Amino acid sequence: MKKIIALLLVVLTVLLCGCSMGDGSIRFGAAGLGGVYHQAATSLKQLAENDSALKIEVKTTAGSAANVRLLSQGYLDAAIAQSDIISDAYNGENSFKTAYKDYSAVAALYTEVCHIIVRADSDINSVDDLLGKTVSVGEEESGSQLNAKQILSAYGLNEKMVKEENFNYADSAKALVSGEVDALFWTVGINATVLEELSRQCDIKLLSIDKEASDKLKSAYSYIDCKVDGNTYNGQTKDVNTVGVKSVLIVSDRLSNDKVKTLTKLVFDNANELQLSVSADLDIIEKDAVTGVNIPFHSGAAEYYSEKGIEVKTAE
């Protein structure tokens, strides 16, 4: 019986860690289908197929917070996550009561914008108007969820004042079109496919974040000011001021320097191809990729940057 139990534990461990451990592939956390993370991860997987030194296996996850946890716990080898979340998780701050370690940065990829979306024919015109409304704040453990809670809190709204739903991209879009929810919080790159598709199903408008709330958010968290120009989406005719965060490629500290350096080179050598494969506007330039990142860089990535004349902070 003890041998059987021991065997079952071994099998369970293999299943949890994923069969990719044996072939040396990189298990890449990519968030939900339709988002820019998934597009970027899939593109990197295809690009890596031309490089015998790398093999990438894309894993669908709930999003940034889940990616950080799964990476820290050894179930992922690489992921994309929001800069505010990776910093908070690394230091055990704000929404993270426990510090998650054992991961480091490779590159900041682009700015993710906090979109607060309602139907164009809605009488909701400000975040204050969400009082008493039903709102999809994103999947549990997603960056959208954490950002939504922080933004609502900046306006003095909590879960008792707003009915929160944890829908993924597809379900939340359907719920907005049908009227099941009154608003959506999506933290995604501008022109993300999910937003383009939603705006084809119904005209939308975006809610601005006013200066007072923006200042609160920037003082407490790692937000930056952002603007969505008018007519970016169907029905959205006015410029919208909001906040955003950087998206960052992160990797497990268990990955070798050589493998991470190869991954870093893959990103920058194929910046144009990556841009063509994703709906958001990427900003993959070495000097920009090291800004807005508040955790140490992996030593393998640091070796790549050093060869480009850029020095970054590592944990060593």
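How far apart are the end C-alpha atoms of helix 9 (residues 257-269), and what span should its 13 residues have? At 1.5 Å a residue the helix should span 18 Å, and its end C-alpha atoms are 18 Å apart, which agrees. The expected span is 1.5 Å times one less than the number of residues. Helices here are DSSP runs of H or I with at least four residues, strands are runs of E with at least two, and both are numbered from the N terminus.

This is a predicted model, in which local features need pLDDT of at least 70 and side-chain atom pairs count only at pLDDT 80 or more, while totals for chains, interfaces and linings use all residues. Residues are numbered from 1 along each chain as its sequence is written, and side-chain values use heavy atoms, with hydrogens and water left out.

Stay with helix 9. Its buried residues are Val260, Leu263, Thr264, Leu266, Val267 and Phe268. Buried means under 20% relative accessible area, exposed means over 50%, and partly exposed lies in between (1.4 Å probe, protein chains only).

Now turn to helix 4 (83-91). Eight of its nine residues are buried, so helix 4 is largely enclosed by the rest of the structure. The buried ones are Ser83, Asp84, Ile85, Ile86, Ser87, Asp88, Ala89 and Tyr90. What covers them includes helix 3 (64-72), strand 3 (78-82), strand 4, helix 5 and strand 10. Just after helix 4 comes Gly92, with a positive phi of about 65 degrees.

Most residues other than glycine have a negative phi. Asn94 has a phi near 55 degrees, a positive value in a residue other than glycine. Asn94 sits in the loop between helix 4 and strand 4. At 35% relative accessibility, Asn94 counts as partly exposed. Ala31 also has a positive phi, near 65 degrees. Its place is the loop between strand 1 (26-29) and helix 2 (36-48). Ala31 is buried, with a relative accessible area of 6%.

Next, the nonpolar cores. A nonpolar core is a set of buried Ala, Val, Leu, Ile, Met, Phe, Trp, Tyr and Cys residues joined through side-chain atoms within 4.5 Å. The largest one has 85 residues. Val68, Tyr103, Ile117, Trp186, Leu198, Ile250 and Tyr305 have the most contacts inside it. Strand 4 (residues 103-119) gives the largest share of this core, nine residues. A second, separate core has 24 residues, among them Ile116, Val137, Tyr223 and Val245.

Which residues does Leu198 contact, leaving aside its neighbours within four places in sequence? They are Ile117, Ala173, Leu176, Val177, Leu184, Trp186 and Ile204. Contact means heavy atoms within 4.5 Å.

Ile80 is found in strand 3, and its relative accessible area is 1%. Beyond its neighbours within four places in sequence, Ile80 is in contact with residues including Phe28, Tyr37, Leu109 and Ser247. The C-alpha atoms of Ile80 and Ala99 are separated by 18 Å, and these two are 19 residues apart along the chain. Ser247 lies in strand 10 (residues 240-252). Ser247 is buried, at 0% relative accessible area. Among the residues it touches, not counting those up to four places away in sequence, are Tyr37, Ile80, Ala107, Tyr110 and Glu112.

On a 1 Å grid over the protein atoms alone, a cavity is a set of points where a 1.4 Å probe fits but cannot get out. A pocket is an open set with protein on both sides within 12 Å along at least five of seven lines, and lining residues have an atom within 4 Å of a point. Grid points are joined across faces, edges and corners, and a volume is the space filled by probe spheres set on the points.

There are two cavities of 30 Å³ or more. The largest cavity has a volume of about 200 Å³. It is lined by 22 residues, and Ala31, Ala62, Ser142, Ser144 and Tyr169 lie nearest its centre. The second largest cavity has a volume of about 60 Å³. Ala40, Leu44, Leu109, Val267, Leu274, Leu282 and Ile284 line this second cavity.

The largest pocket holds about 210 Å³ of space. Its lining includes Ile124, Lys205, Ser208, Gln236 and Asp239.
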